[in-house]
Amino acid sequence: MTMSPSRAASTDTALAADLPRWELGSLCPELDTPAFEMEFAATVAMIGRLAQRFDGAAVGAAAAGATTDPPAETVERVVGEYEATLEAVERLGAFLYGRVTVDSRDAAAQASESELRRHRVTLDQLGNRFTAWIGGLDVEALLDASPKMREYGFPLRQAKRRATHLMPPAEEALAAELGLPGGTAWAKLHDNLTSQIIVPMEIDGERRALPMSEVRNLALRQDREVRRRAYEAEIAAWEAAALPLAAALNGIKGQVNILSGRRGWAEPLDEALVVNHIDRATLDALLGAAREAFPDFRRYLRAKAAALGVPALAWFDLFAPVGEASRSWLWEEARAFLLDQFGGYSDRLRGLAERAFAERWIDAGPRANKQGGAYCLRVGDGESRILANYAPSYDGVSTLAHELGHAYHNLNETGLPPLQRETPMTLAETASTFCETVVKEAALARAGDAERLFILEQSLQGSCQVVVDIISRFDFERSVFAARQERELAIAELNELMLAAQRGTYGDGLDPERPHPYMWAVKGHYYSPTRSYYNFPYLFGLLFGLGLYARYREDAAGFGGGYDALLASTGRTDAADLAARWGIDLRQPAFWCSSLDVIRGEIDRFEGMVGAASAPA
C-alpha cells in the first residue's frame with residue numbers, strides 16, 4: 001500500500017474514465033444472483049463444519065481427563081480444515097472488499113460484506129481457540145513426530161507465544177462478537193465517510209464539487225495558489241467531518257487499550273512488535289537511526305523551499321513538483337516502461353506485470369466514491385488485484401511499480417498455505433520498495449537534467465514521507481494510546497497531539513503556520529481495531545528494501561534466487577532470521593544507517609542541483 005496523500009491520483013476525470021478497471025468476476029459470481037448466494041452459503045457452511053471439527057477434537061478446550069497431546073494426525077487434519085476455510089473466506093472477502101472500495105455506495109456489496117463480517121467473527125473466535133489449543137500442546141514434540149507439521153514450525157511457535165496473551169475462552173469469544181459493532185463499525189464509518197466527502201472549491205476558474213481524493217491531489221499541481229486553495233478547502237472539509245471521526249478514533253483506541261491490557265500486554269506497541277515479527281531492540285535501532293537523520297531531511301526540505309522560491313515549505317508545498325517532467329506518462333507509456341524495467345531485472349517479474357495488465361488486475365483511475373491511495377490485494381494462489389488512482393506522471397508510474405511489487409511478493413508465496421504466508425507489514429514492503437527503486441534508477445538514467453531533478457525530488461519526497469512523516473504518525477499514535485487510558489480526547493486535543501508530532505519530526509523544515517492538524521482524520525491506518533501502529537513497518541520496509549537493493553547492485557547475477565526465497569519465507573520465520581541470511585544484524589543501528597546513507601547521498605545531490613540551478617549565469 002502506498003504512502004503519500006493519495007499518491008498517483010488524477011484531477012482529470014475524462015482521462016480517468018478511459019483508464020482500465022479491474023476484473024473481479026473470476027473470483028466470485030455476480031452479486032444478486034443465485035450462484036453468488038450458493039457460494040456465500042457454501043463458504044458460511046465451511047465455517048460451521050470447522051466449528052464442528054474443533055468441537056470434536058477439543059480444540060481450545062481441554063478434553064476431560066486428557067493427559068496427553070492429540071495424535072499428530074489429528075493436528076494435521078485440524079490445520080488442513082482450518083486453512084481450507086481461511087482460503088475460502090479470504091477469496092470471498094477479497095471480492096466484496098474490492099467491490100466496496102471502488103464504490104462505497106454499492107449497497108449490495110456493502111450488505112454482503114457486512115454479513116460476511118458477522119460470520120468472520122465466528123472464524124476469529126475459532127482462530128482464538130486454535131491459538132489457545134496450540135498453546136497447550138508440546139509443539140516441539142509435534143514437530144518431531146510430523147514431517148508435515150515441521151513445515152509449520154514458525155507459525156506454531158508464534159501461536160504458542162501468542163497463546164500466553166489470550167483471555168479466557170469465554171472472554172475472547174465475547175470480545176470477538178463485540179468487535180463487530182465496536183471497533184470494526186467505527187473503522188467502517190471512517191472508510192465510508194471519508195470516501196464520500198465532497199469538497200466545493202474553485203479550480204481553473206470553475207466552481208466545482210470534487211471528491212476528497214481529487215482535492216488532496218491538487219497538492220501535486222505546479223501552481224502554488226491552486227495548492228493553497230486546495231489545502232484550505234481540504235482543512236475546512238476535515239473540520240466539518242471531525243466530530244464523527246474523532247468519535248471513531250476514540251472508540252477504536254479505547255477498545256484496543258482495554259483488550260491489550262486484559263491480554264497481558266504492557267502496551268499495544270508490544271503486541272504490534274510480535275505481530276510484525278520484530279523485537280524492541282530492532283525497533284529502537286530502526287527509530288534511533290531514523291531520528292538521527294532528521295537534520296538531513298530538514299536540509300532537503302529547506303532546499304526544496306529554495307527551489308520553489310518560498311522562505312519555508314507550507315504543508316501544501318510538500319508534494320509540489322520541482323524540476324520539469326518532460327513526459328506525461330500516459331497509461332500505455334507507463335505500462336511499456338514498467339515491463340521493460342522489470343524485464344531488465346528478471347523474466348519472472350516482467351511476466352507477473354504482463355499478467356496484471358493483460359488479465360485486468362488493476363483498477364486504475366480515480367472517481368467518486370472510490371477509496372483514495374492504492375493497495376494490492378491477494379485474491380488467489382499467485383494472483384492479485386491492484387487498486388490505484390493513477391495520474392499520468394512519474395509518481396503514478398512509481399506507485400504502480402510499488403503495488404506490482406506487492407503482487408510479485410504474492411507470486412513468490414504461490415503454493416503456501418495460509419498459516420505459512422502470514423507476512424507481517426514489516427516484510428510486506430520489501431518487494432514494493434525494491435520495485436520502486438528499480439524504476440527510479442531507470443528513470444533517472446534516461447532523464448535530462450531538468451527531469452532528473454524532478455525524479456530525484458520525487459524520490460526524496462517519498463523517503464521523507466516514510467521516514468519523517470511516518471515517525472510523526474508513530475509518535476502521534478503512541479501519545480493517543482497513552483492519553484486515551486485516562487479519557488476520550490476532544491477534536492482540539494487530537495489536533496494538538498498531531499501538531500506536536502509534526503513539530504517534533506519536521507522541525508524547522510516546515511512553515512509552523514501551515515501544518516496539517518487533521519492528518520489523524522485523513523489516515524485510515526489509525527482506524528484499525530486489529531492492527532495498531534500501521535506506521536513503523538513502512539519505515540522498516542523502505543530501509544530494508546534499500547539495503548537489499550544495494551546487495552543486488554553488488555551481485556546482480558547471484559541475487560535473484562535468494563531474493564525470491566526470502567519473499568517466499570516472510571511468513572515462515574522472523575525478520576531477524578531473514579536478515580541474518582544476508583549477513584544483516586537488524587538490532588544494530590549500522591544497517592539502518594547504511595540504508596539512510598543512500599538517502600543522504602540523494603539529499604546531497606539534490607542540494608547541489610538546486611544550488612546550481614539558482615546560481616547566477
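Rings of Phe, Tyr and Trp (its six-membered ring) pair if their centres lie within 6.5 Å; planes under 30 degrees apart count as stacked, over 60 as edge-to-face and the rest as tilted.

The model is predicted: local features need pLDDT of at least 70, side-chain atom pairs count only at pLDDT 80 or more, and totals for chains, interfaces and linings use all residues. Residues are numbered from 1 along each chain as its sequence is written, and side-chain values use heavy atoms, with hydrogens and water left out.

**Aromatic pairs**

A search of the whole structure finds 34 aromatic pairs. One of them is formed by F434 and Y552, again edge-to-face, at 5.5 Å centre to centre and 65° between the planes. F434 lies in helix α18 (residues 430-446) and Y552 in helix α22 (residues 536-554), so this pair ties together parts that are 118 residues apart in sequence. Helices (H or I, at least four residues) and strands (E, at least two) are DSSP runs, numbered from the N terminus. F434 and Y552 are both buried. These two residues also belong to a cluster, linked by ring pairs, that holds Y345, F434, Y549, Y552, F559, Y563 and W582.

**Salt bridges**

Side chains of opposite charge can pair when their charged atoms come close. A salt bridge is a side-chain nitrogen of Lys or Arg within 4 Å of a carboxyl oxygen of Asp or Glu.

| Salt bridge | N to O distance |
|---|---|
| E234 and R216 | 3.1 Å |
| D270 and R280 | 2.6 Å |
| D475 and R291 | 2.8 Å |

E234 in helix α10 (residues 224-262) and R216 in helix α9 (residues 212-216) are 18 residues apart, and their pair links distant parts of the chain. Both E234 and R216 are buried.

D270 in helix α11 (residues 268-275) and R280 in helix α12 (residues 280-292) are 10 residues apart. Is R280 buried, exposed or partly exposed? With 29% relative accessibility, R280 counts as partly exposed.

D475 in helix α19 (residues 449-484) and R291 in helix α12 are 184 residues apart. D475 is partly exposed at a relative accessible area of 22%, and R291 is partly exposed at 33%.

Salt bridges also link D296, R299, D597, R600, D604 and E607 in a network.

**The sheet and its helices**

Three strands form an open sheet in the order β3-β5-β4, with mixed pairing. β3 (362-363) and β4 (375-380) stand at the edges with a single partner strand each, so one side of each is left without a neighbour in the sheet. Two strands pair if DSSP finds at least two bridges between them. β3 and strand β5 (residues 383-387) pair in the parallel sense over two bridges, and the bridge partner of I362 in β5 is I386.

Helix α3 (residues 72-102) packs on the sheet and touches β3, β4 and β5, its direction making about 140° with that of β4. Contact means heavy atoms within 4.5 Å. Axes are lines fitted to C-alpha atoms, for helices over the stretch in contact, and angles run from 0 to 180 degrees between N-to-C directions. Helix α16 (residues 394-412) lies across β3, β4 and β5 and runs at about 25° to β4.

Note on methods: Buried means under 20% relative accessible area, exposed over 50%, partly exposed in between (1.4 Å probe, protein chains only).
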